[in-house]
Amino acid sequence: MELEPLYKIKVTCAYCQNEFSTSRVRPSLKRSIRTDTDFCGYYRDENPDYYVVRVCPSCGFASTENSNDRLTERQRREFEQNISNRLVKRSYGGARTWEHALETYKLALLCAQTIGEKERIIASLLHHIAWLYRYREDHEQEQRFLKHALSSYIKVFENEGISGNDARLMYLIGELNRRIGAYNEAVKWFSKVINDKKIIDASMIRACREQWALLREEMLSKGEELTEEITG
């Protein structure tokens, strides 16, 4: 008998402590076709990114598995006053369309911004929303959310300081700058990864070198002046 691509997991809501079911894509049935240079994935069947956000059907609180398990009193108050009282509750526990996925991400973003969630989570939600618009080839909205995600990732970098995991973050900041056309900024971030002797993440160093070369070609094809960093 063929396995269904989705399975249910139980989640406890961080706001109302209600236990509810939400769907995930079976790891064995994640059929990846390709991945973009900013880690946006494309899948043959169900897209696992559609199911990242968990939405409580009782109170409407939306979060991801990286969010806090419980809210502080202040966070509870913020959610109740600003979202819960005016939200139309609905269940997203089953299969999700693109429209459902977009609704869950925007709700999660609203919740995260309202309660003052970690900046890294907000950045990831903004980036995922940009991917959703990319799937639909909505370039204007994709660019809009890439710019928001970029701003948020830079805050993460500034607030969390240098750590062993920063190569991927620095690469992402460079790549999102490239995608919005801020080429000189992109070069600066790629250069940081390539030239920082403390960074030993070989895959990210290689990715930065590849995007640096791609950037050079893009600038030449558009007749843009190459800075010293680009030609160096």
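**Architecture and packing of the predicted model**

Read from one end of the sequence to the other, the protein follows the pattern β-β-β-β-β-β-α-α-α-α-α-α-α-α. The model described here is predicted. Its secondary structure comes to 8 helices and 6 strands. Taken along the principal axes, the C-alpha atoms fill a box of roughly 55 × 50 × 35 Å. Of the 232 residues, 46% count as buried. Among contacts between residues at least 6 apart in sequence, 58% join residues at least 24 apart. The protein exposes about 12,700 Å², and carbon and sulfur atoms supply 46% of this area. With regard to charge, there are 36 positive and 35 negative side chains, and the centres of the two sets lie 4 Å apart.

The largest nonpolar core contains 67 residues, among which Phe-61, Phe-79, Leu-125 and Tyr-153 touch the most other members. At least two residues of this core are supplied by each of strand 1 (6–12), strand 2 (19–25), helix 2 (98–115), helix 3 (119–135), helix 4 (139–160), helix 5 (166–179), helix 6 (183–195) and helix 7 (202–221). Helix 2 gives the most, with 10 residues. The surroundings of Tyr-153 illustrate the packing of one core member. When residues up to four places away in sequence are not counted, Tyr-153 touches Ala-123, Ser-124, His-127, Leu-169, Leu-172, Ile-173 and Leu-176.

Just after helix 5, Gly-181 takes a positive phi of about 90°.

A corresponding check was made for helix 6. Its 13 residues should span 18 Å at 1.5 Å a residue, and the separation of its end C-alpha atoms, 18 Å, agrees. The buried residues of helix 6 are Tyr-183, Ala-186, Val-187, Trp-189, Phe-190, Ser-191, Val-193 and Ile-194.

Thr-114 has its place in helix 2. Its relative accessibility is 18%; because the cut-off for burial is under 20%, Thr-114 counts as buried. Leaving aside neighbours within four places in sequence, Thr-114 is in contact with Glu-78, Phe-79, Asn-82 and Ile-83. Phe-79 is also one of the residues that touch the most other members of the largest nonpolar core. Glu-99 is likewise found in helix 2, but at 37% relative accessibility Glu-99 counts as partly exposed. Glu-99 and Leu-132 are 33 residues apart in sequence, and their C-alpha atoms are 9.2 Å apart in space. In helix 4 lies Gln-143, which is buried, with a relative accessible area of 12%. With neighbours within four places in sequence left aside, Gln-143 is in contact with Arg-179 and Ile-180.

Tyr-135 and Tyr-42 are 93 residues apart along the chain, yet their C-alpha atoms are separated by 8.5 Å. Apart from neighbours within four places in sequence, the contacts of Tyr-135 are Cys-40, Gly-41, Tyr-42, Asn-47, Asp-49, Tyr-50 and Trp-98.

Backbone angles were considered last. Most residues other than glycine have a negative phi. Phe-39, a residue other than glycine, has a positive phi near 75°. Phe-39 lies in the loop between strand 3 (32–35) and strand 4 (41–43) and counts as partly exposed at 23% relative accessibility. Glu-137 also has a positive phi, near 60°, and lies in the loop between helix 3 and helix 4. At 72% relative accessibility, Glu-137 counts as exposed.

Definitions and conventions. Residues numbered from 1 in each chain as written. Predicted model: local features only at pLDDT ≥ 70, side-chain atom pairs only at ≥ 80, totals over all residues. Heavy atoms only, no water. Core = buried A, V, L, I, M, F, W, Y, C linked by side-chain atoms within 4.5 Å. Buried < 20%, exposed > 50% of the residue type's maximum accessible area, 1.4 Å probe, protein only. Helix = DSSP H or I, 4+ residues; strand = E, 2+ residues; numbered from the N terminus. Contact = heavy atoms within 4.5 Å. Areas by Shrake-Rupley, 256 points an atom, 1.4 Å probe, with all protein chains shown as cover. Lys, Arg positive; Asp, Glu negative; His and termini not counted. Charge placed at Lys NZ, Arg CZ, Asp CG, Glu CD. Expected span 1.5 Å × (residues − 1).
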